[in-house]
Each structure stands twice: as structure tokens, then as C-alpha cells.
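Subject: Structure handover

Hello,

Please find the structure below, for your files. My notes on what was found in it follow.

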Amino acid sequence: MAEKEDWRLAAKDVEYLKDKYLNPTDGEEIVINAPYLKMCIFCWEEVRNIPYQRWFVPEDISCCICEECYEDFKEMFGWKMLDGWDIDRTEGAVLPHME
């Protein structure tokens, strides 16, 4: 579990991720369906087009979280897990970072 002073939390606007539902997925799914997600919002690990690179994406698909950061911050942020692996991308949806 990470501490509140963790470098990955410094100067980042991640409070909106508290108590969110996260969808587990993989790098391949992100590259195909959400190519604007390039890296983990916390540690900047790069998303690669590989099926076994595990990621977590909030329902609004506003960011992605790598497996290590998910494990480190899941209790601090109170994340809830969804059961799907596919990103359900609705055409024409306006995502928070695109407004």
C-alpha cells in the first residue's frame, strides 16, 4: 500500500478517482478502443499493444492505471472492481479530458 507522500501522487489531479468503479482490461484492448490513453496516470508506465499487460480503466475511460499502481492505491482510493475486460466505448461520447 502506498503512502500519501508517494511521488506518484505529487502534483496530480487524481482526487476524481476516489470511490470509482474500475474495469480490468489489457494493453491490447486500450490500444484498439482507447488509443488516447498512452500511460498510467500515476507512474507514467507506457501502454503497450500486448494482451497480457493488465490495466484498470474507470467507467468514463478518462485514464488508465497500471497493475502495480492499482495494487498500491486501491485501498487509499476505495476502488470497486467491475467484472468485464472489454472497454465499452460509446461512439460520440464526450470524455472528461476532451471537454
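Leaving aside neighbours within four places in sequence, Gln 53 is in contact (heavy atoms within 4.5 Å) with Thr 25, Asp 26, Gly 27, Glu 45, Glu 46, Val 47 and Arg 48. Before the rest, the conventions: this is a predicted model, in which local features need pLDDT of at least 70 and side-chain atom pairs count only at pLDDT 80 or more, while totals for chains, interfaces and linings use all residues. Residues are numbered from 1 along each chain as its sequence is written, and side-chain values use heavy atoms, with hydrogens and water left out.

Gln 53 sits in the loop between helix 1 (27-33) and strand 2 (54-58); helices (H or I, at least four residues) and strands (E, at least two) are DSSP runs, numbered from the N terminus. With a relative accessible area of 6%, Gln 53 is buried (buried is under 20% relative accessible area, exposed over 50%, partly exposed in between; 1.4 Å probe, protein chains only). Its side chain makes a polar contact of 3.3 Å with the side chain of Glu 45 (a pair of N or O atoms within 3.5 Å; within protein, one must be able to donate a hydrogen and the other to accept it, and residues adjacent in sequence count only if both atoms are side-chain atoms). A polar atom of the Gln 53 side chain also lies 3.0 Å from the backbone oxygen of Glu 46.

Met 39 is in the loop between helix 1 and strand 2 as well. Met 39 is partly exposed, with a relative accessible area of 40%.

On the cysteines: the disulfide count is zero, a disulfide being a pair of cysteine sulfur atoms within 2.5 Å. For Cys 63, the nearest cysteine sulfur is that of Cys 64, 6.7 Å away, and Cys 63 is in no disulfide. Cys 66 is in no disulfide either; the nearest cysteine sulfur belongs to Cys 69, at 3.6 Å. Cys 63 is buried at 4% relative accessibility, and Cys 66 is buried at 2%.

Last, helix 2 (residues 67-77): its buried residues are Cys 69, Tyr 70, Asp 72, Phe 73 and Phe 77. What do the buried residues of helix 2 pack against? They pack against strand 1 (21-26), strand 2, strand 3 (65-66) and strand 4 (80-81). Gly 78 follows helix 2 and has a positive phi, near 65°.

Regards
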